[in-house]
Amino acid sequence: MCGIVGYIGRREAAPILLEGLHRLEYRGYDSAGIAVPHRGRLRVTKAAVRVDELRDLVGTGLTAKVGLAHTRWATHGEPTDANAHPQVDEDGHIAVVHNGIIENAEQLRTKLTADGVKFTSETDTESLAHLIARALRDGAASLEDAVRTTLREVEGAYGIVVFDVRKPDELVVARNGSPIVLGIGEGEMFVASDIAALVRYTQRVVYLDDGELATLGADDFHTSTLQATRTSKTETMVDVADEDYQHDGYDDFMRKEMHEQPDAVRRALVGRLDERFSTARLGGLDLDPHELRSFRRVKFLGCGSAYYAGQLGANLVEEWARLPADAEPASEFRYRNPVVDPETLYVAVSQSGETLDTLAAVQELKRKGGRVIGMVNVVGSAVGRECGRGVLLHAGPEVSVASTKAVTNMCVSSAMLALLLGRVRDLSMAHGKRIVAAMAELPDRIAEILAAEAEIEAAAVRFASAEHMFFVGRVRGWPVAREGAQKLKEISYIHAEAYQAAELKHGPLALIDAHMPSVVIVPDDEVLAKNIGTMEQIKARGGPVIAVTNAELPDGLADVVIRVPRSEPELDPILFAIPLQVFAHRIAIHLGRDIDKPRNLAKSVTVE
Ligand code: AGP
């Protein structure tokens, strides 16, 4: 998705802005641009190029101490040079970078065109530049006032930074539904849509709220609402370092983050497993046992892999707390006029905490009086703040578009929530004790799986030429199959579909032949015999079988066996998902894919 960087201070702005854009590349983009003042005029360089090429186009010799920059992920208009940001007004004074979507863009464009304004791009953003310029011509007292006047006419989501070359000592910033964070330095201020662009320079940040504006100078800033009421902000120190955004000795972020999983899970568990009472301690929930017992249902909401992790969590809540539980894609939730039940605990799951669909689901829930907690990774994110309480994932910054450590920590965090809900109900002390012990061992078990990377690779490359693949799971294995298929399609572009094992015979079996390998999730649990039957059905139709298992299987049943260490059976899905990450990664590497920049995808989906 789009990325924003702005700088005002005493250093040369262009290298800082370009470096900031480079740090945001992981989010996905198709064009990039930068604007700085140069000899009293606005100098805009923008094109449908990568950031490295933009750096070459910008060249050297720019001494400006202020500027703004952007990476664009096309929504309104093709990814062309003209549509790249910054967008400027007709006189070339005002530059705007924008994340989000202006919903009444067509009306604004029609109105401005009727007034004689000539547009040079197809973007919704260009209208903002023209409207701000017009507000200034009409007598707005300041750039901030002109931005405020403009935003009152705008419907939709935005995070924007605005610069007027005639006022080079300030930047104006505003936010509504699209993240904006200010970075505070010594005699310099930064602004970005993601802290990844800032942490190289400062750990001191301020998050803007929806409906807020900020005016930044080199030495200070002030914030206000769209109604011009001053607001006061609290500075936060982010516990993230620049190294977190580098892939060190690894070729790509996905592999680095897969290998960080043992430590990430340890961080998620530390201080949260209560051995004495065989339960979980989740202080961030802010729910006492009486409240925890008051829920009659649990519903997890998330998108993509976060939804699948929620499905795994729902299974555990049903097993351990004996409460009806399910998961639903957050992207559909608000559109079906959901019945919001006051006795349901809603759990919004999101790595970024920025996913617009998940945020909108939370807002819909709150509007209807639902009780919702967050399960997010990014501190200060929109979903986290909107929920106000929940379980932090503690996975550390995740850069890879294909989520690994965050998804694993979603599963681990859901398991802790399920354990807690179980232990305030009828889950026995003895059972709780077994779960706590098994959870404490998860980091070591995950490390064992990752140590077998070469063996999984050997299995994976045998199937790298497949055009399609099935992922098949039953009960606990079903969310694992979905997540396995998701990882493979995201980074290898192999068509992968997940099916519930028993559903195969109701249709998909027709597709099985020697060219359709099936990855079958086979935990050693109550449905082992059924899963063996599924593999026999596939084999009987000539389909290759890749079994992911911790059971002893009959000889010759699977073409390839990927082994997983044993745990408590309920925790098997957490472990079974790990080799599937490696499987997808090694196939994608074998196919020469750009792992960290999968086509058409973005790390955080902040648009509909
Ligand atoms: C995961 O590999 C995907 N890139 C994607 O499905 C992701 O999980 C989804 O977009 C939700 O993101 P979030 O966790 O940041 O809300």
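Does Cys303 count as buried, partly exposed or exposed, and at what relative accessibility? Cys303 counts as partly exposed, at 23% relative accessibility. Buried means under 20% relative accessible area, exposed over 50%, and partly exposed in between (1.4 Å probe, protein chains only). This is a predicted model: local features need pLDDT of at least 70, side-chain atom pairs count only at pLDDT 80 or more, and totals for chains, interfaces and linings use all residues. Residues are numbered from 1 along each chain as its sequence is written, and side-chain values use heavy atoms, without hydrogens and water.

**Cysteines**
- A search of the whole structure finds 0 disulfides (pairs of cysteine sulfur atoms within 2.5 Å).
- For Cys303, the nearest cysteine sulfur is that of Cys387, 13 Å away.
- Cys411 is in no disulfide either; its nearest cysteine sulfur, that of Cys303, is 16 Å away.
- Cys411 counts as buried, at 8% relative accessibility.

**Fold and dimensions**
- The chain holds 18 helices and 26 strands. These are DSSP runs: H or I of at least four residues for helices, E of at least two for strands, numbered from the N terminus.
- The C-alpha trace spans about 80 × 55 × 45 Å along its principal axes.
- Of the 608 residues, 62% count as buried.
- Contacts are heavy atoms within 4.5 Å. Among those between residues at least 6 apart in sequence, 71% join residues at least 24 apart.

**Charge**
- The chain has 69 positive side chains (Lys and Arg) and 88 negative ones (Asp and Glu); His and the chain ends are not counted.
- The centres of the two sets lie 2 Å apart, with charges placed at NZ of Lys, CZ of Arg, CG of Asp or CD of Glu.
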